[in-house]
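I opened a notebook for this structure and wrote down what I looked up. The entries follow the order in which I went.

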Amino acid sequence: MAKLKLAVYWTAACGGCDVAILDMNERIMAVGDACDIVLWPLAADGKYHHVEGMPDHSIDVCLFHGAIRNSENLAMARLLREKSNILVSFGSCASLGGIPGLANFYSREEIFRRAYMESESTVNREGVFPQQSVAVPEGELTLPEFFDTVYTLAQVVPVDYFIPGCPPTTDQIWTAVQAVVSGNLPPRKTVIAGRKSLCDECPRVKEEKKIQSFKRPFEVMVDPAKCLIEQGIVCCGPATRGGCGARCTKANMPCRGCFGPPDQIADQGAKLVGALASIIDSQDPQELRKISHLLADPAGIFYRFSLADSLLKHKRKEVC
Amino acid sequence: MTGRFEPNIVGILCNWCSYTGADLAGVARIKYPANIKIVRVMCTGRVDPAFVLKAFKEGADGVLVSGCHPGSCHYVDGNIKMMRREPLLSAMLEQLGIEGTRFKLVWVSASEGERFAKIVAEMTEEIRRLGPLTIKEGEQVG
Ligand code: FES
(Lines give C-alpha, C1' and ligand atoms only; values in the text may rest on other atoms or scores of the structure.)
Protein backbone atom coordinates (compact mmCIF):
# COMPACT_ATOMS: atom_id res chain seq x y z
CA MET A 1 0.00 0.00 0.00
CA ALA A 2 1.26 3.45 -0.83
CA LYS A 3 2.17 5.48 2.18
CA LEU A 4 -0.33 8.07 3.32
CA LYS A 5 0.71 11.68 3.01
CA LEU A 6 0.45 13.38 6.39
CA ALA A 7 0.68 17.06 7.22
CA VAL A 8 0.77 18.58 10.70
CA TYR A 9 0.37 22.32 10.88
CA TRP A 10 0.02 24.87 13.67
CA THR A 11 -1.42 28.33 13.87
CA ALA A 12 -2.31 30.17 17.11
CA ALA A 13 -1.22 27.43 19.51
CA CYS A 14 1.53 26.57 21.97
CA GLY A 15 3.02 23.54 20.23
CA GLY A 16 1.83 21.17 22.94
CA CYS A 17 -0.24 19.34 20.33
CA ASP A 18 2.92 18.56 18.35
CA VAL A 19 4.48 17.20 21.50
CA ALA A 20 1.35 15.13 22.16
CA ILE A 21 1.80 13.46 18.80
CA LEU A 22 5.44 12.68 19.58
CA ASP A 23 4.32 11.44 23.02
CA MET A 24 2.90 8.32 21.41
CA ASN A 25 6.36 6.89 22.06
CA GLU A 26 7.05 3.77 20.02
CA ARG A 27 3.65 3.96 18.38
CA ILE A 28 4.98 6.93 16.45
CA MET A 29 6.99 4.33 14.51
CA ALA A 30 3.76 2.87 13.23
CA VAL A 31 2.82 6.34 12.07
CA GLY A 32 6.18 6.63 10.37
CA ASP A 33 5.65 3.26 8.65
CA ALA A 34 2.22 4.21 7.40
CA CYS A 35 2.78 7.85 6.50
CA ASP A 36 5.07 10.18 4.65
CA ILE A 37 5.27 13.49 6.45
CA VAL A 38 4.90 16.18 3.83
CA LEU A 39 4.67 19.12 6.21
CA TRP A 40 5.30 19.48 9.93
CA PRO A 41 6.95 22.78 10.85
CA LEU A 42 7.86 21.66 14.36
CA ALA A 43 9.44 18.33 13.54
CA ALA A 44 10.26 18.40 9.84
CA ASP A 45 10.74 20.94 7.12
CA GLY A 46 8.27 22.41 4.67
CA LYS A 47 7.72 25.87 3.29
CA TYR A 48 4.62 27.67 2.08
CA HIS A 49 5.62 27.23 -1.55
CA HIS A 50 6.02 23.47 -1.11
CA VAL A 51 2.44 23.25 0.01
CA GLU A 52 1.26 25.65 -2.67
CA GLY A 53 2.94 23.47 -5.29
CA MET A 54 1.11 20.31 -4.23
CA PRO A 55 -1.89 19.19 -6.29
CA ASP A 56 -5.28 19.68 -4.61
CA HIS A 57 -6.33 16.83 -2.30
CA SER A 58 -2.87 15.32 -2.47
CA ILE A 59 -2.42 15.36 1.31
CA ASP A 60 -4.34 12.42 2.75
CA VAL A 61 -4.61 13.74 6.29
CA CYS A 62 -3.83 17.11 7.78
CA LEU A 63 -3.76 17.49 11.54
CA PHE A 64 -4.37 21.19 12.00
CA HIS A 65 -3.88 22.59 15.46
CA GLY A 66 -4.22 26.17 16.55
CA ALA A 67 -6.85 28.87 16.42
CA ILE A 68 -7.24 31.44 13.65
CA ARG A 69 -5.77 34.64 15.03
CA ASN A 70 -4.46 36.45 11.94
CA SER A 71 -4.61 36.51 8.16
CA GLU A 72 -1.63 34.17 7.80
CA ASN A 73 -3.42 31.53 9.92
CA LEU A 74 -6.48 31.97 7.74
CA ALA A 75 -4.54 31.68 4.49
CA MET A 76 -2.89 28.46 5.70
CA ALA A 77 -6.21 27.04 6.84
CA ARG A 78 -7.66 27.67 3.38
CA LEU A 79 -4.59 26.34 1.61
CA LEU A 80 -4.43 23.16 3.65
CA ARG A 81 -8.16 22.62 3.23
CA GLU A 82 -7.68 22.71 -0.52
CA LYS A 83 -4.70 20.38 -0.45
CA SER A 84 -6.05 17.85 2.07
CA ASN A 85 -8.52 15.05 1.73
CA ILE A 86 -9.16 14.85 5.45
CA LEU A 87 -8.75 17.96 7.54
CA VAL A 88 -8.69 17.27 11.26
CA SER A 89 -9.30 20.04 13.76
CA PHE A 90 -6.71 18.90 16.24
CA GLY A 91 -6.66 20.07 19.85
CA SER A 92 -8.70 22.62 21.75
CA CYS A 93 -7.37 25.72 20.00
CA ALA A 94 -8.42 24.59 16.54
CA SER A 95 -11.68 23.05 17.77
CA LEU A 96 -12.85 25.59 20.34
CA GLY A 97 -10.52 28.57 20.19
CA GLY A 98 -8.68 27.29 23.23
CA ILE A 99 -6.54 29.55 25.38
CA PRO A 100 -5.85 31.96 22.47
CA GLY A 101 -9.63 32.32 22.21
CA LEU A 102 -9.70 34.02 25.62
CA ALA A 103 -8.40 37.06 23.76
CA ASN A 104 -12.00 37.46 22.59
CA PHE A 105 -12.63 39.18 25.93
CA TYR A 106 -10.69 42.08 24.41
CA SER A 107 -10.57 43.99 21.17
CA ARG A 108 -7.53 44.20 18.95
CA GLU A 109 -6.92 47.76 20.17
CA GLU A 110 -6.98 46.68 23.81
CA ILE A 111 -4.60 43.82 23.11
CA PHE A 112 -2.16 46.04 21.23
CA ARG A 113 -2.27 48.69 23.94
CA ARG A 114 -1.55 46.11 26.60
CA ALA A 115 1.18 44.33 24.68
CA TYR A 116 2.99 47.30 23.16
CA MET A 117 2.36 50.09 25.68
CA GLU A 118 1.28 49.00 29.12
CA SER A 119 2.91 45.70 29.92
CA GLU A 120 5.36 45.96 32.81
CA SER A 121 8.38 45.14 30.70
CA THR A 122 7.56 47.52 27.86
CA VAL A 123 9.03 50.96 27.24
CA ASN A 124 7.51 52.47 24.12
CA ARG A 125 7.85 56.24 24.34
CA GLU A 126 7.22 56.85 20.66
CA GLY A 127 4.06 54.76 20.81
CA VAL A 128 5.17 52.43 18.01
CA PHE A 129 2.65 49.76 17.09
CA PRO A 130 3.11 46.96 14.57
CA GLN A 131 1.95 48.00 11.13
CA GLN A 132 0.72 45.70 8.44
CA SER A 133 3.11 47.21 5.96
CA VAL A 134 6.08 49.50 6.18
CA ALA A 135 8.27 51.00 3.47
CA VAL A 136 12.00 50.53 3.90
CA PRO A 137 14.73 51.37 1.36
CA GLU A 138 14.74 47.76 0.19
CA GLY A 139 11.02 47.82 -0.52
CA GLU A 140 7.80 47.14 1.34
CA LEU A 141 7.71 44.82 4.36
CA THR A 142 4.43 43.29 5.40
CA LEU A 143 2.98 41.51 8.41
CA PRO A 144 -0.21 39.45 8.55
CA GLU A 145 -3.34 41.24 9.69
CA PHE A 146 -4.11 40.65 13.35
CA PHE A 147 -7.85 39.95 13.52
CA ASP A 148 -10.16 41.57 16.02
CA THR A 149 -11.58 38.14 16.84
CA VAL A 150 -10.10 34.67 17.31
CA TYR A 151 -11.86 31.98 15.26
CA THR A 152 -11.98 28.23 15.41
CA LEU A 153 -10.84 26.27 12.38
CA ALA A 154 -14.37 25.11 11.57
CA GLN A 155 -15.55 28.73 11.57
CA VAL A 156 -13.32 29.49 8.59
CA VAL A 157 -13.15 26.26 6.54
CA PRO A 158 -15.09 22.96 6.48
CA VAL A 159 -13.55 20.43 8.86
CA ASP A 160 -13.84 16.64 8.63
CA TYR A 161 -13.04 15.52 12.18
CA PHE A 162 -12.44 17.03 15.57
CA ILE A 163 -9.98 15.81 18.19
CA PRO A 164 -10.37 18.11 21.20
CA GLY A 165 -8.02 18.27 24.15
CA CYS A 166 -5.31 20.47 25.51
CA PRO A 167 -3.54 18.50 24.27
CA PRO A 168 -5.41 15.45 22.91
CA THR A 169 -4.47 12.21 24.63
CA THR A 170 -2.28 9.69 22.88
CA ASP A 171 -5.19 7.25 22.92
CA GLN A 172 -7.37 9.63 20.93
CA ILE A 173 -4.56 10.22 18.47
CA TRP A 174 -4.00 6.50 18.16
CA THR A 175 -7.72 5.92 17.52
CA ALA A 176 -7.58 8.48 14.75
CA VAL A 177 -4.39 7.06 13.27
CA GLN A 178 -5.84 3.56 13.21
CA ALA A 179 -9.06 4.76 11.63
CA VAL A 180 -7.17 6.50 8.86
CA VAL A 181 -4.69 3.69 8.26
CA SER A 182 -7.40 1.03 8.17
CA GLY A 183 -9.67 3.20 6.04
CA ASN A 184 -12.40 2.53 8.56
CA LEU A 185 -13.45 6.13 8.98
CA PRO A 186 -16.21 7.35 11.28
CA PRO A 187 -18.91 9.63 9.82
CA ARG A 188 -17.70 13.11 8.95
CA LYS A 189 -17.76 15.72 11.72
CA THR A 190 -17.28 13.06 14.37
CA VAL A 191 -15.64 14.34 17.53
CA ILE A 192 -13.03 11.78 18.47
CA ALA A 193 -13.62 11.76 22.23
CA GLY A 194 -16.38 10.72 24.63
CA ARG A 195 -20.08 11.30 24.02
CA LYS A 196 -21.08 12.09 27.58
CA SER A 197 -19.86 14.54 30.18
CA LEU A 198 -16.69 14.04 32.14
CA CYS A 199 -18.70 13.38 35.34
CA ASP A 200 -19.92 10.23 33.69
CA GLU A 201 -16.45 8.71 33.60
CA CYS A 202 -14.99 10.42 36.66
CA PRO A 203 -14.50 7.76 39.35
CA ARG A 204 -15.15 10.11 42.27
CA VAL A 205 -18.10 9.37 44.52
CA LYS A 206 -21.01 11.71 43.92
CA GLU A 207 -23.56 12.24 46.64
CA GLU A 208 -25.69 15.19 47.48
CA LYS A 209 -24.52 18.41 45.94
CA LYS A 210 -24.72 21.40 48.23
CA ILE A 211 -22.00 23.96 48.59
CA GLN A 212 -21.45 26.85 50.99
CA SER A 213 -18.70 28.54 49.05
CA PHE A 214 -16.42 28.28 46.04
CA LYS A 215 -12.87 27.27 46.75
CA ARG A 216 -9.66 26.92 44.85
CA PRO A 217 -7.81 23.62 45.03
CA PHE A 218 -5.02 25.05 47.20
CA GLU A 219 -7.51 26.22 49.82
CA VAL A 220 -8.76 22.73 50.62
CA MET A 221 -7.26 19.43 51.65
CA VAL A 222 -8.79 17.59 48.75
CA ASP A 223 -10.58 14.36 49.59
CA PRO A 224 -9.29 12.03 46.86
CA ALA A 225 -12.48 9.98 46.63
CA LYS A 226 -15.25 12.57 46.79
CA CYS A 227 -16.69 14.67 43.95
CA LEU A 228 -14.66 17.88 43.74
CA ILE A 229 -17.72 20.06 43.28
CA GLU A 230 -19.16 18.69 46.51
CA GLN A 231 -15.96 19.94 48.14
CA GLY A 232 -16.63 23.42 46.82
CA ILE A 233 -13.99 23.24 44.12
CA VAL A 234 -14.99 24.65 40.75
CA CYS A 235 -14.80 21.73 38.36
CA CYS A 236 -15.96 22.02 34.76
CA GLY A 237 -16.80 18.31 34.53
CA PRO A 238 -20.60 18.65 34.31
CA ALA A 239 -20.41 20.63 31.06
CA THR A 240 -17.29 19.10 29.54
CA ARG A 241 -17.01 16.25 27.10
CA GLY A 242 -15.39 13.14 28.52
CA GLY A 243 -13.02 10.82 26.76
CA CYS A 244 -9.85 11.99 28.45
CA GLY A 245 -9.96 9.28 31.10
CA ALA A 246 -10.58 11.88 33.83
CA ARG A 247 -6.87 12.39 34.18
CA CYS A 248 -7.14 15.74 35.96
CA THR A 249 -9.76 14.73 38.50
CA LYS A 250 -7.88 11.50 39.19
CA ALA A 251 -4.91 13.69 40.10
CA ASN A 252 -7.01 15.80 42.52
CA MET A 253 -7.26 18.66 40.06
CA PRO A 254 -10.62 19.95 38.84
CA CYS A 255 -11.56 19.64 35.18
CA ARG A 256 -10.67 22.80 33.29
CA GLY A 257 -12.98 22.05 30.41
CA CYS A 258 -10.48 21.50 27.60
CA PHE A 259 -12.64 19.03 25.64
CA GLY A 260 -15.37 21.65 25.29
CA PRO A 261 -19.05 20.86 25.77
CA PRO A 262 -20.56 17.49 24.75
CA ASP A 263 -22.93 17.45 21.76
CA GLN A 264 -26.11 18.06 23.72
CA ILE A 265 -24.79 21.20 25.44
CA ALA A 266 -24.98 24.39 23.41
CA ASP A 267 -22.85 26.60 25.61
CA GLN A 268 -20.31 25.43 28.13
CA GLY A 269 -20.34 28.62 30.19
CA ALA A 270 -24.11 28.80 30.46
CA LYS A 271 -24.30 25.16 31.47
CA LEU A 272 -21.67 25.62 34.15
CA VAL A 273 -23.52 28.61 35.59
CA GLY A 274 -26.54 26.34 35.87
CA ALA A 275 -24.66 23.37 37.24
CA LEU A 276 -22.65 25.21 39.87
CA ALA A 277 -25.01 27.98 40.96
CA SER A 278 -28.04 25.72 41.41
CA ILE A 279 -26.30 23.83 44.20
CA ILE A 280 -25.32 26.82 46.34
CA ASP A 281 -26.90 26.09 49.68
CA SER A 282 -28.69 29.36 50.33
CA GLN A 283 -31.99 31.03 49.61
CA ASP A 284 -30.94 34.51 50.57
CA PRO A 285 -30.23 36.82 47.61
CA GLN A 286 -27.60 38.78 49.56
CA GLU A 287 -25.72 35.69 50.60
CA LEU A 288 -26.02 34.20 47.12
CA ARG A 289 -24.44 37.30 45.68
CA LYS A 290 -21.62 37.11 48.21
CA ILE A 291 -20.90 33.46 47.49
CA SER A 292 -21.10 33.96 43.73
CA HIS A 293 -18.61 36.79 43.94
CA LEU A 294 -16.06 34.42 45.42
CA LEU A 295 -15.64 33.37 41.83
CA ALA A 296 -13.59 36.27 40.58
CA ASP A 297 -13.63 35.44 36.90
CA PRO A 298 -16.62 33.20 36.08
CA ALA A 299 -16.56 33.75 32.32
CA GLY A 300 -12.83 33.10 32.19
CA ILE A 301 -13.19 29.87 34.14
CA PHE A 302 -16.31 28.56 32.42
CA TYR A 303 -15.15 29.44 28.91
CA ARG A 304 -11.47 28.80 29.47
CA PHE A 305 -11.20 26.83 26.26
CA SER A 306 -14.45 27.43 24.44
CA LEU A 307 -15.11 31.17 24.33
CA ALA A 308 -14.48 31.46 20.58
CA ASP A 309 -16.94 28.61 19.99
CA SER A 310 -19.57 29.71 22.52
CA LEU A 311 -22.96 31.25 21.81
CA LEU A 312 -21.71 34.82 22.06
CA LYS A 313 -18.14 34.08 20.87
CA HIS A 314 -16.59 37.27 22.18
CA LYS A 315 -17.14 40.19 24.42
CA ARG A 316 -19.76 42.44 22.96
CA LYS A 317 -18.36 45.13 20.74
CA GLU A 318 -20.02 48.16 19.30
CA VAL A 319 -20.49 48.16 15.57
CA CYS A 320 -17.70 50.14 14.03
CA MET B 1 -34.44 55.01 10.86
CA THR B 2 -36.05 57.88 12.60
CA GLY B 3 -37.81 58.19 15.91
CA ARG B 4 -36.75 56.92 19.25
CA PHE B 5 -35.10 53.63 19.88
CA GLU B 6 -37.55 50.85 20.77
CA PRO B 7 -35.80 48.16 22.78
CA ASN B 8 -36.49 44.55 22.08
CA ILE B 9 -37.07 42.77 25.38
CA VAL B 10 -37.56 39.05 25.73
CA GLY B 11 -39.67 38.11 28.73
CA ILE B 12 -39.37 34.55 30.03
CA LEU B 13 -42.33 34.01 32.35
CA CYS B 14 -43.37 31.04 34.41
CA ASN B 15 -46.76 29.59 33.62
CA TRP B 16 -48.23 29.63 37.09
CA CYS B 17 -47.61 33.12 38.46
CA SER B 18 -45.97 35.60 36.15
CA TYR B 19 -47.63 34.60 32.91
CA THR B 20 -50.97 34.77 34.65
CA GLY B 21 -49.90 38.10 36.14
CA ALA B 22 -49.12 39.42 32.69
CA ASP B 23 -52.45 38.09 31.49
CA LEU B 24 -54.18 39.89 34.31
CA ALA B 25 -52.50 43.13 33.25
CA GLY B 26 -54.05 42.56 29.84
CA VAL B 27 -57.49 41.63 31.11
CA ALA B 28 -57.48 44.64 33.41
CA ARG B 29 -56.46 46.80 30.44
CA ILE B 30 -53.38 48.10 32.18
CA LYS B 31 -51.10 49.70 29.63
CA TYR B 32 -47.51 48.58 29.35
CA PRO B 33 -44.95 48.91 26.55
CA ALA B 34 -45.25 46.51 23.66
CA ASN B 35 -41.47 46.15 23.71
CA ILE B 36 -41.65 42.91 25.62
CA LYS B 37 -42.05 39.63 23.75
CA ILE B 38 -43.19 36.97 26.14
CA VAL B 39 -42.10 33.35 26.16
CA ARG B 40 -43.92 31.08 28.57
CA VAL B 41 -42.05 28.37 30.44
CA MET B 42 -43.50 26.06 33.06
CA CYS B 43 -41.23 27.37 35.80
CA THR B 44 -38.22 29.67 36.13
CA GLY B 45 -36.35 26.58 37.27
CA ARG B 46 -36.48 25.59 33.60
CA VAL B 47 -34.64 28.71 32.47
CA ASP B 48 -31.28 27.46 31.31
CA PRO B 49 -28.77 30.34 31.31
CA ALA B 50 -28.23 29.44 27.65
CA PHE B 51 -31.77 30.73 26.93
CA VAL B 52 -30.68 34.15 28.13
CA LEU B 53 -27.46 34.11 26.11
CA LYS B 54 -29.35 32.93 23.05
CA ALA B 55 -31.87 35.76 23.38
CA PHE B 56 -29.05 38.30 23.45
CA LYS B 57 -27.32 36.61 20.57
CA GLU B 58 -30.50 36.72 18.49
CA GLY B 59 -30.91 40.43 19.01
CA ALA B 60 -32.62 41.07 22.33
CA ASP B 61 -31.65 44.34 24.00
CA GLY B 62 -32.84 43.02 27.33
CA VAL B 63 -34.07 39.81 28.96
CA LEU B 64 -36.58 39.71 31.79
CA VAL B 65 -37.08 36.48 33.70
CA SER B 66 -40.07 36.46 35.98
CA GLY B 67 -41.39 33.77 38.29
CA CYS B 68 -43.44 33.11 41.39
CA HIS B 69 -42.37 34.78 44.62
CA PRO B 70 -39.97 32.67 46.69
CA GLY B 71 -42.07 30.22 48.64
CA SER B 72 -44.88 30.04 46.08
CA CYS B 73 -43.29 28.21 43.16
CA HIS B 74 -45.67 25.61 41.77
CA TYR B 75 -42.77 23.16 41.81
CA VAL B 76 -41.67 24.16 45.32
CA ASP B 77 -38.19 25.52 44.60
CA GLY B 78 -37.69 26.02 40.85
CA ASN B 79 -37.53 29.76 41.41
CA ILE B 80 -34.89 29.30 44.11
CA LYS B 81 -32.74 27.53 41.53
CA MET B 82 -33.14 30.50 39.20
CA MET B 83 -32.42 32.85 42.08
CA ARG B 84 -29.14 31.03 42.63
CA ARG B 85 -28.15 31.28 38.99
CA GLU B 86 -28.85 34.95 38.65
CA PRO B 87 -25.76 36.47 40.35
CA LEU B 88 -23.32 34.21 38.53
CA LEU B 89 -25.08 34.66 35.21
CA SER B 90 -25.12 38.45 35.66
CA ALA B 91 -21.41 38.44 36.48
CA MET B 92 -20.69 36.41 33.38
CA LEU B 93 -22.84 38.68 31.21
CA GLU B 94 -20.98 41.74 32.52
CA GLN B 95 -17.71 40.11 31.51
CA LEU B 96 -19.16 39.56 28.06
CA GLY B 97 -20.02 43.25 27.84
CA ILE B 98 -23.75 42.95 28.58
CA GLU B 99 -24.70 45.44 31.29
CA GLY B 100 -26.60 44.42 34.42
CA THR B 101 -29.60 46.55 33.43
CA ARG B 102 -30.20 44.33 30.45
CA PHE B 103 -30.88 41.18 32.44
CA LYS B 104 -33.38 41.09 35.28
CA LEU B 105 -34.92 38.45 37.47
CA VAL B 106 -38.13 39.46 39.22
CA TRP B 107 -41.02 37.84 41.04
CA VAL B 108 -44.57 38.60 39.94
CA SER B 109 -47.56 36.73 41.30
CA ALA B 110 -50.76 35.94 39.43
CA SER B 111 -52.48 38.88 41.08
CA GLU B 112 -49.79 41.45 40.39
CA GLY B 113 -50.78 42.66 36.93
CA GLU B 114 -50.07 46.21 37.92
CA ARG B 115 -46.63 45.34 39.21
CA PHE B 116 -45.81 43.47 36.01
CA ALA B 117 -46.78 46.47 33.90
CA LYS B 118 -44.64 48.74 36.04
CA ILE B 119 -41.58 46.45 35.82
CA VAL B 120 -41.86 46.25 32.04
CA ALA B 121 -42.27 50.01 31.73
CA GLU B 122 -39.24 50.67 33.90
CA MET B 123 -37.05 48.16 32.18
CA THR B 124 -38.04 49.49 28.76
CA GLU B 125 -37.10 53.02 29.84
CA GLU B 126 -33.79 51.96 31.33
CA ILE B 127 -32.78 50.06 28.22
CA ARG B 128 -33.96 52.85 25.99
CA ARG B 129 -31.52 55.12 27.80
CA LEU B 130 -28.76 52.52 27.46
CA GLY B 131 -29.26 52.11 23.72
CA PRO B 132 -29.34 49.03 21.53
CA LEU B 133 -27.25 45.96 22.21
CA THR B 134 -25.19 45.40 19.14
CA ILE B 135 -23.09 42.32 18.86
CA LYS B 136 -20.40 42.75 16.30
CA GLU B 137 -19.75 39.85 14.03
CA GLY B 138 -16.05 40.43 13.36
CA GLU B 139 -14.23 40.17 10.06
CA GLN B 140 -15.71 38.29 7.15
CA VAL B 141 -13.58 35.17 7.23
CA GLY B 142 -16.01 32.26 6.79
S1 FES C 1 -43.74 27.81 38.82
FE2 FES C 1 -43.43 29.93 38.90
S3 FES C 1 -41.35 29.96 39.35
FE4 FES C 1 -41.72 27.85 39.50
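I began at a chain boundary: the buried residues of α11(A) pack against α3 (78-95) of chain B, with contact meaning heavy atoms within 4.5 Å. Helices here are DSSP runs of H or I with at least four residues, strands are runs of E with at least two, and both are numbered from the N terminus.

I noted the ground rules next. This is a predicted model, in which local features need pLDDT of at least 70 and side-chain atom pairs count only at pLDDT 80 or more, while totals for chains, interfaces and linings use all residues. Residues are numbered from 1 along each chain as its sequence is written, chains are lettered from A and ligands numbered from 1 in the order written, and side-chain values use heavy atoms, without hydrogens and water.

Which residues of α11 in chain A are buried? I found A:Leu288, A:Ile291 and A:Ser292 in this helix, which spans residues 285-292; buried means under 20% relative accessible area and exposed over 50%, with a 1.4 Å probe and protein chains only. Seen down the axis of α11(A), they fall within an arc of 95°, so they line one face of the helix; the arc is that of the directions from the helix axis to the C-beta atoms. On the face turned away from that buried side I listed the exposed A:Gln286 and A:Lys290.

I then looked at chain A as a whole. Chain A has twelve helices and nine strands. Of its 320 residues, 49% are buried. Among its contacts between residues at least 6 apart in sequence, 73% join residues at least 24 apart. I also noted that its C-alpha atoms fill a box of roughly 65 × 60 × 35 Å along the principal axes.
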